[in-house]
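Reader: I have a two-chain model to go through before I set anything up. Can you take me through the contacts and the packing?

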Amino acid sequence: MNHAQKAEIFNKNEAKVNWHDKALWYVREKRDNAAHGVKGWEQLRDLASGVKAHVLSNLDELLIEFETNAQKNGITVHWASNAEEHNKIINKILTEKNAKKVVKSKSMLTEECHLNPYLESKGFEVVDTDLGEYIVQIAKETPSHIVLPAIHKTKEEVDTLFQEHLGTKPSDGNPEYLTNEARKHLRTKFLTADVAITGVNFAIAETGGFVVCTNEGNADMGAHLAKTHIACMGIEKLIPKEAHLGIFLRLLARSATGQPITTYSSHFNKPTEGSEMHIVIVDNGRTEQLSREDFRSSLHCIRCGACMNTCPIYRRSGGHSYDATIPGPIGSILSPGKDLTKHSSLPFASTLCGSCSNVCPVKINIHEQLYKWRQIITKDVEQPVVKKTILKMTGKVFSKPKFYGLAGRSVRFMLKYAPRFLVYSKLNAWGKARELPQIKNGNFDQWYKEKRSK
Amino acid sequence: MGREEILNSVRKNKPELLPLPEINADLFNEDIDLLSGFKEKVPLVGGTIKQLTSPKDIDNEITMMYPNATNIVNRTQVSSLGTVSISDKTQPKDLEDVDLAILRGTFGVAENGAIWISEEQFYIRALPFITNDLLIILDKKDICQNLHEAYELISKRKRTFGLFISGPSKTADIEQCLVIGAQGALSLTVLLI
């Protein structure tokens, strides 16, 4: 199924779509308030973009610097070219540690590598400890948003899930009660876990350390209670110096949720006595994206989710309609680089309004890249016959003013006099689920000429 | 395995070297009162903040705020309320039943209400997260404007583990309703002296 078809499923529940749309727009507004309160916000974005562009142009050197410094601090560094290698490395560490139970905090990379099902197939217990991720895990779903993984679920749905999995009492979806029950359950998991797996928000070449940001404190609960901590990062998470965190931490939470900073911004540099710290550095298609000049800057992304919250398509189609680990506008420029055929409908899931590019804290020209993917996809991937034919006809009409005028007149005539079943037929997508505007006499061209002659 | 393959692929695909931009901190300087800025931000991130007139009031204040706390870890010189002592023999799991942890903060950040705390202050890394409630004592002189200044202040530290902490643990993962108290401490109180 393509994006439009999946979006249609999401749109069956109108009340839910409206809620989803408004809830995300509210987050966008909070982002605006937070951003407007920072002096030099635009300069911060420029700096962030410039630092990331430098990183990509010097990535090999910075990766080596990071590895050397991390090793000096007693961290073990692993390298994985793809998802399979990543999962195998983690399996190997878990097996060597004789681990049974694993707690995880949010990591879009491990989602991308499908680590959970892999580890479960090897017999490990894996628990996602971010509340939103925990909800989608027990619902056997995937996150529909990178910052708000369970934004597609109503509180009543969470209530039912918790009754089944945690034995909670029916509470009409009381968020305080449900959060507290999850807290109690997850505490037992933290206390008995052998290994904690976290993501990495930023890795610093200069110090060999890394920073993990959460609001819930779950990454820290996992990492400090388990004897072994494995942190997984894509190669693009690197920044040159610790002082650059000043730029990125000022941008990240404000762009993501409108908070001035996440509750916990934890700086890991060295394991404690008797504990182990591992870092897995992963490529999985990133160096290939690096080779594409037009799409390279998509690797600047710091995973704040602002482009999703602002996108009129995302808000009304839901994250699952993208059928990709990273949904929304940024996902739609990352995913085609991984599998052009599977994700060929994603760059079309946009009005090209440019709002995503305007809110992006690292200034990725997302909407321009969406447009560029469309140029590639229409050449490389077979398009539906109806779309092809209509676009061909439109092209001809637009190239001949007389033809265009005639077409306009006949459309106006049709909309006025043709029977409903014809106007609202399958061929006219614009008449789907809405009434077309009433047709007045005349057109813009006539109106303009009359005005000028006066 | 992956290492050489990845590095070679980066070398082949990366663009020509682009300059690393300089941070001009002057661009972000604001003429604000640091103390009142910080005091405004802490409640916004879900924390409680109180300014004491004398350090002698610390223990009274804490007892009033947390009357039911019995297992207390105190890591400061200015309070004497500690009931649970920790040492290098302490396992993080032993802290499961800690009601309150009292720590000293290194400095606060006016722009976001965050406080830098590091391993020297809490000793066992799990402490600020596993404790039921967390109280940080901060000198009112130790407040900087923004994160650019903050990173300058911690640039010479011993790097093991440390964090910016801003308010109590929280989540909005159920229908975007903000709930204070997710997996970490349920409350954060800042006492300014």
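Author: One term to begin with. A polar contact here is a pair of N or O atoms within 3.5 Å; within protein, one must be able to donate a hydrogen and the other to accept it, and residues adjacent in sequence count only if both atoms are side-chain atoms. Also keep in mind that this is a predicted model.

Reader: Fine. How many residue pairs are in polar contact between chain B and chain A?

Author: There are 34 such residue pairs between chain B and chain A, counting pairs with both residues at pLDDT 80 or more.

Reader: Which elements of chain B give two or more residues to that side?

Author: On the side of chain B that touches chain A, they are α1 (2–13), β5 (114–118), α5 (127–130), α6 (147–153), β8 (161–165) and β9 (170–171) of chain B. α1(B) gives the most, with nine residues.

Reader: How many residues are in contact on each side?

Author: 73 residues of chain B contact 93 residues of chain A.

Reader: And what is the buried area between the two chains?

Author: About 7,000 Å² is buried between chain B and chain A, and carbon and sulfur atoms give 61% of that area. On the chain B side, B:I174, B:E175 and B:Q183 supply 12% of the area that chain B buries against chain A, which is more than any other three residues.

Reader: Switching to charges. How many salt bridges are there over all chains, and how many between chain B and chain A?

Author: The whole structure has 36 salt bridges over all chains. Between chain B and chain A the count is eight.

Reader: Where does B:K14 sit, and what is at the other end of its pair?

Author: The partner of B:K14 is A:D60, with the closest N and O atoms 2.9 Å apart. B:K14 is in the loop between α1 and α2 (34–44) of chain B, while A:D60 is in helix α4 (residues 59–72) of chain A, so the pair crosses between chains. B:K14 is partly exposed, at a relative accessible area of 25%, whereas A:D60 counts as buried at 3%.

Reader: What about A:E242?

Author: A:E242 forms a salt bridge with B:R157, and the closest N and O atoms are 2.9 Å apart. A:E242 lies in the loop between β8 (238–239) and α12 (245–256) of chain A and B:R157 in the loop between α6 and β8 of chain B, so the pair joins two chains. A:E242 counts as buried at 4% relative accessibility, and B:R157 is buried at 18%.

Reader: Which residues do salt bridges that share partners join into one network?

Author: The network is made of A:E112, A:E236, A:R286, A:R303 and A:K338.

Reader: Now the packing. How many residues are in the largest nonpolar core?

Author: That core has 150 residues, and those with the most contacts inside it are A:F162, A:F210 and B:F164. Domain 1 (1–37 + 294–383) and domain 2 (42–284) of chain A both give residues to this core, so it lies between them. A second, separate core has 21 residues, among them A:A83, A:A99, A:I197 and A:I230.

Reader: Last topic, backbone. What is phi of A:D323?

Author: Phi of A:D323 is near 50°, a positive value in a residue other than glycine. A:D323 is in the loop between α15 (312–317) and α16 (328–338) of chain A, and is partly exposed at 37% relative accessible area.

Reader: And A:L352?

Author: Phi of A:L352 is near 55°, a positive value in a residue other than glycine. A:L352 is in the loop between α16 and α17 (355–359) of chain A and is partly exposed, with a relative accessible area of 27%.

Notes:
Residues are numbered from 1 along each chain as its sequence is written. Chains are lettered from A and ligands numbered from 1 in the order in which they are written. This is a predicted model: local features need pLDDT of at least 70, side-chain atom pairs count only at pLDDT 80 or more; totals for chains, interfaces and linings use all residues. Side-chain values use heavy atoms; hydrogens and water are left out. A nonpolar core is a set of buried Ala, Val, Leu, Ile, Met, Phe, Trp, Tyr and Cys residues joined through side-chain atoms within 4.5 Å. Buried means under 20% relative accessible area, exposed over 50%, partly exposed in between (1.4 Å probe, protein chains only). Domain bounds come from an automatic or database domain assignment. Contact means heavy atoms within 4.5 Å. Buried area is the accessible area (1.4 Å probe) that two parts lose on being put together, summed over both. A salt bridge is a side-chain nitrogen of Lys or Arg within 4 Å of a carboxyl oxygen of Asp or Glu. Helices (H or I, at least four residues) and strands (E, at least two) are DSSP runs, numbered from the N terminus.
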